[in-house]
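Visitor: I would like a close look at one part of this protein. Please take me through it step by step.

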Amino acid sequence: MGEAAIIVDDLAKSYGAVVALEGIGFEVAPGTVTGLLGPNGSGKTTTVAILATALRPDRGVARVCGKENLALIGRLSRPGRKWAHRHAPELAEGFGLTDAADLRTAR
């Protein structure tokens, strides 16, 4: 199997004295569906926010290998779906991702 679709390694995030994440790690294989389960306050929302690039981790690696992520983040944020699809190609070019821009995130 190829590289994981999602890679999280030694991820940490604190909000002042409150530790939201401390050294978590996991990988998600391409083409799979994965859920984050845990009690309130266990860091699920913080992890997803970091993977979606809405938050910066204090430490560690959080990588989403699918390039459709640019359009997805645009759709989930203020600009909306139309803006995201219109500007995703120029963003892909700006980040040097044009060769991979049409790859699907899951097969």
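Which side chain meets that of D10 in a salt bridge?

Guide: The side chain of R59 meets that of D10 in a salt bridge, at 3.0 Å from N to O. A salt bridge here is a side-chain nitrogen of Lys or Arg within 4 Å of a carboxyl oxygen of Asp or Glu. Side chains of opposite charge can pair when their charged atoms come close.

A word on the source. This is a predicted model, where local features need pLDDT of at least 70, side-chain atom pairs count only at pLDDT 80 or more, and totals for chains, interfaces and linings use all residues. Residues are numbered from 1 along each chain as its sequence is written, and side-chain values use heavy atoms, with hydrogens and water left out.

Back to the pair. D10 sits in strand β1 (residues 6–15) and R59 in strand β3 (residues 59–64). They are 49 residues apart, so the pair links distant parts of the chain. Strands (E, at least two residues) and helices (H or I, at least four) are DSSP runs, numbered from the N terminus. D10 is partly exposed, with a relative accessible area of 34%. R59 is partly exposed too, at 34%. Buried means under 20% relative accessible area, exposed over 50%, and partly exposed in between, with a 1.4 Å probe and protein chains only.

R59 has another partner. Its side chain meets that of E22 in a salt bridge, at 2.9 Å from N to O. E22 lies in strand β2 (residues 18–28) and R59 in β3, so this pair ties together parts 37 residues apart in sequence. E22 is exposed, at 53%. Salt bridges with shared partners join D10, E22 and R59 into one network.

The structure holds three salt bridges. One of them joins the side chains of K13 and D58, at 3.7 Å from N to O. K13 lies in β1 and D58 in the loop between α1 (44–51) and β3, so parts 45 residues apart in sequence are tied together. K13 is buried, at 12% relative accessibility. D58 is partly exposed, at 47%.

Now the sheet behind these residues. Three strands form an open sheet in the order β2-β1-β3, with antiparallel pairing. Two strands pair if DSSP finds at least two bridges between them. The edge strands are β2 and β3, and each pairs on one side only. Eight bridges join β1 to β2. In this pairing, S14 stands opposite V19 in β2.
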